[in-house]
Amino acid sequence: MTALASITSTSMTLDDLTRVLLIGSLVLLVAVAAVRLSVRSGLPSLLIYLGIGLALGNAGAGIQFDDASTTRVLGYAALVLILAEGGLTTSWGNIKRSVAPAALLSTLGVVVSVLVVAVAAHAFLPLSWTISLLIGAIVSSTDAAAVFAVLRNVALPRRISGMLEAESGFNDAPVVILVVAFAAQGLPGGEAHPWWVLLFETGVELAGGALVGVSVGWLGGQLLKRVAGASSALFSIGVVALTVLAYAVGAAVHVSGFLATYLSALVLGNMGLPNRAAFQSFGNALGWIAQIGLFVLLGLLADPTRLGEMFVKAVVIGLVLLLVARPLSVVASVSWFRIPWREQVFLSWAGLRGAVPVVLATVPLVTGTPDTEWIFDLVFVLVVVFTIIQGPTLPWVAKRLGLTEQVHSVDVDLESTSLMAISADVIQVTVGAESRLHGVAVFELRLPKGANVTLVVRGGEGFVPEPHTTIRHGDQLLVVTTSKVKARTERRIREISQGGRLAGWP
């Protein structure tokens, strides 16, 4: 079965289109169905998508694909959409207190991780220092899709979730710069730049990328407010186009396009644009398509017959990364902010790897760095093995460290009305098994004026509560509030969840 491969060598026909649409639509349907399995197992869906790619490849259905250059190009395109979706759906209010430690974790932490992994690769494999540094850079980036696929159902304090969210958006940019630099140094006659020159160039590219991203996001958002019509669909296309434009502008002027993409999306998602629910949903859909396509493509590129040879090496590098490099990078980066040790332990364990390292493993193949063909296989095995180890255990680790919150609130966007137009917000609250909201009547919440519990879902059945309705463990509450008192409302609910009905009583 070589339907897709035949298209690369001849012009596309209607029969080719039919086969591509058949295979593509079936892959998407299987991928959608796989999400339920992912949620139940605790494993990120990326593993299932990689498995689909392996099943379709030359060792399975027989689709021949070994083009690392195309994989890199399409991988970069997919990462742009994934970063755009991450920025558009990130609440600045949730991450603003975590930006400083996350930024340090994405820069200083990356440097520490690269050096530790490089030392281990040089000592244990053994490899040259250039190739060791290249491997360290490739595996140093955490993956937003992998992390939040697992954390979606874990109620974490906002400081931790915000830090992981911001880090996953920030750290792709410096890692890409380092990987490209080390791959170039590995070429015959490649010049090794002094470390301070490399750090300076990285800093300049990141600063330039940040400037481009914020500028494109803010200026583009102001323009959209003035020229966009009433169609939420067209408005959504315009918002996503701006995030892609940010990448293109950044890459064109030789600064970090990935950072520009994420920051432009973050600005656009938090500047009060109309149709917010619509463009976030559109960005989310594009992000899912990009993830599915990217992971399936990476699975196609992998050769299962070679992966077994890399197992021991992948486990050695992975253990060093998980047990030494990541903890040291966390300690070096966030200790300055007096982050408690329990949170540092969780941050260390939550550094999941995903598509980004596998995509970056194609860079030395495309660059032509000698004797690096095996790196892709090593990184592929490392990502799969340690996702299986870390993914399902993250909720357990959070619980053992006492980090799970007993009341979990999330924003709810309704497309049936423009909440922004009436300065309103909707919050969904889940009451945990040990929350002291249990037994508290609705009127005893004493929510700020402008906030009210409008719906309670209990045992799958919803009802409108009365003032004397008693809240129970496992309840889900829908709270409608004005934008002005939203933060006070959330604080009040958390106070009672921790201290009981008398919490905050004057």
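Author: Helices are DSSP runs of at least four residues, numbered from the N terminus. With that in mind, and noting that this is a predicted model, consider helix H20, in which Phe-376 and Phe-380 both lie. These two residues are four residues apart, about one turn of the helix.

Reader: How is an aromatic pair described in general, and how many aromatic pairs does the structure hold?

Author: A pair of aromatic rings is described by the distance of the centres and the angle of the planes. The structure holds six aromatic pairs. One of them is formed by Phe-235 and Phe-279; the pair is tilted, with 6.2 Å centre to centre and 35° between the planes. This pair links distant parts of the chain, as Phe-235 is in helix H12 (residues 232-252) and Phe-279 is in helix H14 (residues 276-301), 44 residues apart. Both Phe-235 and Phe-279 are buried. Phe-376 and Phe-380 also form a tilted aromatic pair, at 6.2 Å centre to centre and 35° between the planes.

Reader: Is Phe-376 buried or exposed? I ask likewise of Phe-380: buried or exposed?

Author: The term buried applies under 20% relative accessible area. Phe-376 counts as buried because its relative accessibility is 2%. Phe-380 has a relative accessible area of 3%, so Phe-380 is buried.

Reader: Which residues do ring pairs link into a cluster?

Author: The cluster consists of Tyr-76, Tyr-247 and Phe-258, linked by ring pairs. Thr-261 itself is found in helix H13 (residues 257-269), and counts as buried because its relative accessibility is 0%.

Reader: Let us turn to charged pairs. How many salt bridges does a search of the whole structure find?

Author: The general idea is a side-chain nitrogen of Lys or Arg within 4 Å of a carboxyl oxygen of Asp or Glu. A search of the whole structure finds eight salt bridges. Among them is the one between the side chains of Asp-16 and Arg-19, at 2.5 Å from N to O. Both residues lie in helix H2 (residues 14-41), three residues apart, about one turn of the helix. Asp-16 counts as buried at 5% relative accessibility, whereas Arg-19 counts as partly exposed at 36%.

Reader: Which parts of the chain does the salt bridge of Arg-159 and Glu-343 tie together?

Author: The side chains of Arg-159 and Glu-343 meet at 3.0 Å, N to O. Arg-159 lies in helix H9 (residues 158-170) and Glu-343 in helix H17 (residues 341-349), so the pair ties together parts that are 184 residues apart in sequence. Arg-159 is partly exposed, at 29% relative accessibility, while Glu-343 is buried, with a relative accessible area of 9%.

Reader: With which residue does Asp-377 form a salt bridge?

Author: The partner of Asp-377 is Arg-306, and the closest N and O atoms are 2.9 Å apart. Asp-377 lies in helix H20 and Arg-306 in helix H15 (residues 304-307), so this pair ties together parts that are 71 residues apart in sequence. Asp-377 is buried, with a relative accessible area of 3%, and Arg-306 counts as partly exposed at 34%. Salt bridges that share partners join Asp-303, Arg-306 and Asp-377 into one network.

Technical notes: Residues are numbered from 1 along each chain as its sequence is written. This is a predicted model: local features need pLDDT of at least 70, side-chain atom pairs count only at pLDDT 80 or more; totals for chains, interfaces and linings use all residues. Side-chain values use heavy atoms; hydrogens and water are left out. Buried means under 20% relative accessible area, exposed over 50%, partly exposed in between (1.4 Å probe, protein chains only). Rings of Phe, Tyr and Trp (its six-membered ring) pair if their centres lie within 6.5 Å; planes under 30 degrees apart count as stacked, over 60 as edge-to-face and the rest as tilted.
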